Amino acid sequence: MNDLYIYYQVRDSDAAALAPRVRAMQQRLGAGQVKRRPQAKDGLQTWMEIYCATGAGFEQALADAVRDARLAELIAGPRHTEIFTDLEKCA
C-alpha cells in the first residue's frame, strides 16, 4: 500500500472557496487529510492532501474525484503527487 502526498498552490483569494470542495471530495473518497503551510508567499498558499495506505485503484478514484470537484478552477498551477511506501511496519 502507498501513501500519497499531493501538493499545490492556491491563491489567497480562492482558499475559502476551495476548502469545502476538497473536504467534500475527501468525504466522498472516505479518506484524506488536507494541510497548508502556515504562511502565504506572493499571495499563494501551499496546500497538501495526504492519503495513507491507499490500495489498488485509488489513484484513478482520486483523479475522478478531483475532476468532479472541479479543483483545477481554484488551483494555481499543477498538482504534484509524491508516493511513499513503508520500509517496515510500525510496532
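Here are some notes on the fold, the helix packing and a few individual residues.

1. First, the caveat: this is a predicted model.

2. Four strands form an open sheet in the order 2-3-1-4, and the pairing is antiparallel. Strand 2 (33-36) and strand 4 (80-84) sit at the edges, each pairing on one side only. On average, neighbouring strands here are turned by 20° against each other, direction ignored.

3. Now the pairings one by one. Strand 1 and strand 3 run antiparallel and are joined by nine bridges, with Tyr8 standing opposite Trp47 of strand 3. Strand 1 also runs antiparallel to strand 4, this time with five bridges; there, Tyr7 has His80 of strand 4 as its bridge partner. Strand 2 pairs with strand 3 (residues 44-54) over four bridges, again in the antiparallel sense.

4. On to the two helices. Two packed helices are described by the angle between their axes and the distance between the axes. For helix 1 and helix 2, the angle is about 145° and the axes are 10 Å apart. The crossing is right-handed. Helix 1 makes the contact with Arg21, Met25, Arg28 and Leu29, while helix 2 brings Phe58, Ala61, Leu62, Asp64, Ala65, Val66, Asp68 and Ala69. By class, the contact residues divide into eight nonpolar, no polar and four charged.

5. In soluble globular proteins, nonpolar side chains tend to be buried together. The largest nonpolar core in this model has 19 residues, and the members touching the most others are Tyr8, Leu18, Met25, Trp47, Tyr51, Leu62 and Leu71. Strand 1, helix 1, strand 3 and helix 2 (58-69) are the elements that give two or more residues to this core.

6. Tyr51 deserves a point of its own. This residue is found in strand 3. Is Tyr51 buried or exposed? Tyr51 counts as buried because its relative accessibility is 1%, and the cut-off for buried is under 20%. Leaving out residues up to four places away in sequence, Tyr51 touches Asn2, Asp3, Leu4, Ile6, Met25, Gln26, Leu29, Ala31, Gly32, Phe58 and Leu62. Thr85 is 34 residues along the chain from Tyr51, and their C-alpha atoms are separated by 12 Å.

7. Gln26 is one of those Tyr51 contacts, and is found in helix 1. Gln26 has 7% relative accessibility, so this residue counts as buried. Which residues does Gln26 touch, not counting those up to four places away in sequence? They are Ala31, Gly32, Gln33, Val34, Glu49 and Tyr51.

8. Last, Ala19, also a residue that lies in helix 1. With a relative accessible area of 16%, Ala19 is buried. Ala19 and Ala53 are 34 residues apart along the chain, and 23 Å separates their C-alpha atoms.

Notes:
Residues numbered from 1 in each chain as written. Predicted model: local features only at pLDDT ≥ 70, side-chain atom pairs only at ≥ 80, totals over all residues. Heavy atoms only, no water. Pairing = 2+ DSSP bridges. Axes fitted to C-alpha atoms, helices over the stretch in contact; angles between N-to-C directions. Core = buried A, V, L, I, M, F, W, Y, C linked by side-chain atoms within 4.5 Å. Buried < 20%, exposed > 50% of the residue type's maximum accessible area, 1.4 Å probe, protein only. Left-handed = near helix turned anticlockwise from the far one by under 90°. Contact = heavy atoms within 4.5 Å. Nonpolar A, V, L, I, M, F, W, Y, C, P; charged D, E, K, R; others polar.
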